[in-house]
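Trainee: Could you walk me through reading some features of a structure? I am new to this.

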Amino acid sequence: MRSRLSTWLLSIVVTVFAASGGAAAPPLSTQTSSQSGVTVKVTPRPLAAGTWEFEVVFDTHSQELTDDLEKTAVLVSDARASHTPLKWQGDPPGGHHRKGVVQFKPVSPMPAAIELQIKRNGEPAPRSFRWQLK
């Protein structure tokens, strides 16, 4: 009896796994943007239920990094809805090298794609980092 129950439970798990796409979503890749003497590198962390987090690294040798990502970052879903950050955890403004994590409330329902935009002072257009989710 126990063996039949185990086999039955295993078949249900396999069926649900296959119906959900068969595998966990692959990690989202790091993207880099270099312009105006500043390199910005963004690495999404696995999208969790509580917060969506993006590691951001700024690097330059030509200017002070005064970006306030709580005010200048926005997450855009494929429905073109904009989402403002919950908070920035990382280095304060200043210096030539900064890193930290910008956090957002999860987008629901799960979009097919997301785009992190970072508007930098003196640059004509926001830096854009886009990932396909589905």
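Trainee: Are Arg120 and Glu123 buried or exposed?

Mentor: Both Arg120 and Glu123 are buried; that word stands for under 20% relative accessible area, while exposed is over 50% and partly exposed lies in between (1.4 Å probe, protein chains only). Keep in mind that this is a predicted model, where local features need pLDDT of at least 70, side-chain atom pairs count only at pLDDT 80 or more, and totals for chains, interfaces and linings use all residues. Residues are numbered from 1 along each chain as its sequence is written, and side-chain values use heavy atoms, with hydrogens and water left out.

Trainee: What do the side chains of Arg120 and Glu123 meet in?

Mentor: They meet in a salt bridge, at 3.1 Å from N to O. The term covers a side-chain nitrogen of Lys or Arg within 4 Å of a carboxyl oxygen of Asp or Glu. Arg120 and Glu123 also belong to a network of salt bridges with Asp67 and Arg127.

Trainee: How many salt bridges does a search of the whole structure find?

Mentor: The search finds eight. One of them joins Arg45 to Glu53, with the closest N and O atoms 2.9 Å apart. Arg45 is partly exposed, at 32% relative accessible area, whereas Glu53 counts as buried at 17%.

Trainee: And which residue does Glu115 meet in a salt bridge?

Mentor: Glu115 meets Arg80, at 3.8 Å from N to O. Glu115 lies in strand 8 (residues 113-118) and Arg80 in the loop between strand 4 (73-77) and strand 5 (82-83), so this pair ties together parts that are 35 residues apart in sequence. Strands here are DSSP runs (E, at least two residues), numbered from the N terminus. Glu115 is buried, with a relative accessible area of 10%, but Arg80 is exposed, at 53%.

Trainee: Now the rings, please. What describes a pair of aromatic rings?

Mentor: The distance of the centres and the angle of the planes describe such a pair. Rings of Phe, Tyr and Trp (its six-membered ring) pair if their centres lie within 6.5 Å; planes under 30 degrees apart count as stacked, over 60 as edge-to-face and the rest as tilted. This structure holds two aromatic pairs. In one, Phe54 and Phe104 have ring centres 5.9 Å apart and planes at 85°, so the pair is edge-to-face. Phe54 sits in strand 3 (residues 52-60) and Phe104 in strand 7 (residues 97-104), so to speak a link between distant parts of the chain, 50 residues apart.

Trainee: Which type of aromatic pair do Phe54 and Trp131 form?

Mentor: Phe54 and Trp131 form a tilted pair, with 5.7 Å from centre to centre and 35° between the planes. Trp131 is in strand 9 (residues 127-132), 77 residues apart from Phe54 in strand 3. Phe54 is buried, at 0% relative accessible area, and Trp131 is buried too, at 4%. Ring pairs link Phe54, Phe104 and Trp131 into a cluster.

Trainee: In what order do the strands of the open sheet come?

Mentor: The order is 1-2-3-7-6, five strands with antiparallel pairing; two strands pair if DSSP finds at least two bridges between them. Strand 1 (31-35) and strand 6 (87-90) are the edge strands, each pairing on one side only.

Trainee: Over how many bridges do strand 1 and strand 2 pair?

Mentor: Strand 1 and strand 2 (residues 38-44) pair over five bridges, in the antiparallel sense.

Definitions and conventions. Helices (H or I, at least four residues) and strands (E, at least two) are DSSP runs, numbered from the N terminus.
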